[in-house]
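Biologist: I'd like to learn how to read charged side chains in a model. Could you walk me through it?

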There are 2 protein chains.
Amino acid sequence: MLNFDFYSPTRIIFGKDTETQIGELLKPHAKKVLLHYGGGSIKKSGLYDKVITSLKAAGIEFAELGGVKPNPRLSLVHEGIDLCKRENVELILAVGGGSVIDSAKAIAMGVYYNGDVWELYGTANPIENALPIATILTIPAAGSEASPGTVISKEETEQKLPYGNNKLRPLLSIVNPELFFTLPKEQLGYGVADMISHVFERYFTNTTYTDLTDGLCEATIKTLIKNASIAYNDMENYDAWAELGFAGTVAHNDLIGMGREQDWACHDMEHELSAIYDVAHGAGLAVLTPGWMQYVYKDNINMFVQFAVNVMGVEGSFRDPDAIVLEGISRLRDFYAKIGLETTLSGIGINEEKLEVMAKKATKEAFGNERPLGGFKKLYWQDVLEIYKLVK
Amino acid sequence: MLNFDFYSPTRIIFGKDTETQIGELLKPHAKKVLLHYGGGSIKKSGLYDKVITSLKAAGIEFAELGGVKPNPRLSLVHEGIDLCKRENVELILAVGGGSVIDSAKAIAMGVYYNGDVWELYGTANPIENALPIATILTIPAAGSEASPGTVISKEETEQKLPYGNNKLRPLLSIVNPELFFTLPKEQLGYGVADMISHVFERYFTNTTYTDLTDGLCEATIKTLIKNASIAYNDMENYDAWAELGFAGTVAHNDLIGMGREQDWACHDMEHELSAIYDVAHGAGLAVLTPGWMQYVYKDNINMFVQFAVNVMGVEGSFRDPDAIVLEGISRLRDFYAKIGLETTLSGIGINEEKLEVMAKKATKEAFGNERPLGGFKKLYWQDVLEIYKLVK
């Protein structure tokens, strides 16, 4: 086990009707908030009205900024920063999924950052301060409700970059599984693929002596796989959504990744797909992850045997570990397909034209400064291209 | 899954040599601290000197209060409260195990409490404020390094009572597994029994749809069982102690107990043993827990089949679930014995004389106000007496 430093102070208020508490919960923290959200779905579902009612009842003023899109845009972040400064906003309330929360995080630090907040993305530079953030989660997926991370896209340059800082961990997050009942069915698959990937990025490691986090990762993935199938066939199943909602937070608050080298190559490779083709992050991950596994597993085959046996329930002769691993990967692909996900790039509308460009951007080779991806196995642009081709 | 509210803001700094960071870590939070510890072991091991050196290097002043005993005493807590007030202490640094940390928590809230801090114990009354607490853990056991709980004993009345409040969760805790190498061997067993019990108290439940926390609990118990045996036979095995140290925090910061009714009867029954006989908490738990299992399992046999199969690795015919459960309980007892723990009350020096008195105190029947113990199965004083007798 490696040395680690874990800090996850976000309070999680979980369960039925919890969104009606938002006003009372925020009262000790802010007199004026920015209500940040996406398209019209929270208005259609009635959530918007509930939030407004709760804020008003608690005497909390608010400014509003809707319009966050999937793969949230820098231009709206700039607008939010100006709005917060102009209106003396003290806290940002993000009502939505990962895109809305990530946009809120960018605004929260942008208010204090001296320069264009985009300069921070893709770096590990520190920040001095950020507005506090609260969230009401409308889809379990990105894990942003308790994570330090934010990912923003810059339209002009087709770049999608991450930034992380513990100061961006939300103060509190409300997770009510009932809010997930009305999600479009394909969003379930995208969300689950993202959550599972958050565990995979931590699980696949060369670090030795990681019993506890191995077990926690395996329990989280198995919970996601089991309950994704249930909810996919019964979109109003509270119990299944509750497991997915809780697992999504656990998958990404980093507890289960402590003390082990993490990977993150699949996320980096996927960001290029989303940046150029604007596909859903989870859709890209479901395509890339099994390809990545196929490409890297021989570097530490025992790690992948453990995955196949402990997570995917593969049985067989350990004298043929390749067969066990390949069966595990095959079952993962079958699972993705079962919850409506495509398993090839062409299935999500990506042809071969830009594979090389994306491989070179993902590794920064395109910018003359190649940084290989991945903690489990270092991937240079040629490796990334091979993986893209494996799943074309 | 039940609604829940989870909040665990303690920062965990984990790994080799981390105790040398204590001065720098505390610098932003306090100019003067109370250094609180137990007997002489931290002086013998050199930890005391390292802490002093680090505090001095960071320019932090300190007052000192040593002498915390296992089953920490109210009288020393009173002394600590007076000292903190007199010396204008801003933070309490607990260097030790659960007893020292629990004592620190009592002092931390006692400084602000208007009255005798003992009045809070055994209640769910709120508190206004508490001094911040930092810890350097010297034994993985109580989980107090990230929990809201504290247990204190009042000598005069032979009472041992708990209190919990999120304001008592430490600001930060340092966990360096190397500090555990010099523990007396029996302390390993006591600590492991306590940690496993913290998971059991959450795991055994009648709440349905708890896939994620079931899995997290099972992973944590399996990690503890596996690594306890390794460390018991090789007391300087860093990797095994690292698993135990991390698992101890996870076992009790309450993440793995969220959304499920918890039990806590074994802890309540054990507190009576410690209060009267001053036995180690873990020693009492190792005796009582299998007896409790035997007494209650028929109330929800499937929960115990799951335990026997998923945790203890029992195989066999599911058409004879009693046999599966009893084999699971038997393996648990064997495991306790393997790490040097007694499995009967007589083995820890407790005869039948006071069993009834303890049963009546545990359930408050002795105070004319009986409150049955346990969330899994309600236990009245007669039930508690039966369990004590089962393990005499």
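This is a predicted model: local features need pLDDT of at least 70, side-chain atom pairs count only at pLDDT 80 or more; totals for chains, interfaces and linings use all residues.

Biologist: Is B:Asp263 buried or exposed, and which side chain of opposite charge is nearest?

Modeller: Here's the general idea: side chains of opposite charge can pair when their charged atoms come close. In this case B:Asp263 is buried but has no salt bridge.

Biologist: What does the side chain of B:Asp263 reach, then?

Modeller: The backbone nitrogen of B:Ala265, at 2.9 Å. Leaving aside residues up to four places away in sequence, B:Asp263 also touches several others, including B:Glu201, B:Phe204, B:Trp292 and B:Lys377.

Biologist: How many salt bridges does the structure hold?

Modeller: Over all chains, 26. One of them pairs A:Asp211 with B:Lys226, where the closest N and O atoms are 3.1 Å apart. A:Asp211 is in helix H7 (residues 211-233) of chain A and B:Lys226 in helix H7 (residues 211-233) of chain B, so this pair joins two chains. B:Lys226 is partly exposed, at a relative accessible area of 45%.

Biologist: And within one chain, which residue forms a salt bridge with B:Arg202?

Modeller: That would be B:Asp254, with the closest N and O atoms at 2.7 Å. The two come from distant parts of the chain, 52 residues apart: B:Arg202 belongs to helix H6 (residues 185-203), B:Asp254 to the loop between H8 and H9. Both B:Arg202 and B:Asp254 are buried.

Biologist: Where do B:Lys298 and B:Asp322 lie in chain B?

Modeller: Their side chains meet in a salt bridge, 3.0 Å from N to O. B:Lys298 is in the loop between helix H10 (281-296) and helix H11 (301-311), while B:Asp322 is in helix H12 (residues 321-338), 24 residues apart. B:Lys298 is exposed, with 60% relative accessible area, whereas B:Asp322 counts as partly exposed at 25%.

Biologist: Zooming out, how many helices and strands does chain A have?

Modeller: Chain A has 14 helices and nine strands. For overall shape, you compare the radius of gyration with a rule: a compact globule of 392 residues would be near 21 Å, and chain A agrees with 20 Å. Of its 392 residues, 61% are buried.

Notes:
Residues are numbered from 1 along each chain as its sequence is written. Chains are lettered from A and ligands numbered from 1 in the order in which they are written. Side-chain values use heavy atoms; hydrogens and water are left out. Buried means under 20% relative accessible area, exposed over 50%, partly exposed in between (1.4 Å probe, protein chains only). Lys and Arg count as positive and Asp and Glu as negative; His and the chain ends are not counted. A salt bridge is a side-chain nitrogen of Lys or Arg within 4 Å of a carboxyl oxygen of Asp or Glu. A polar contact is a pair of N or O atoms within 3.5 Å; within protein, one must be able to donate a hydrogen and the other to accept it, and residues adjacent in sequence count only if both atoms are side-chain atoms. Contact means heavy atoms within 4.5 Å. Helices (H or I, at least four residues) and strands (E, at least two) are DSSP runs, numbered from the N terminus. The radius of gyration is taken over C-alpha atoms; the globule rule is 2.2 Å times the number of residues to the power 0.38.
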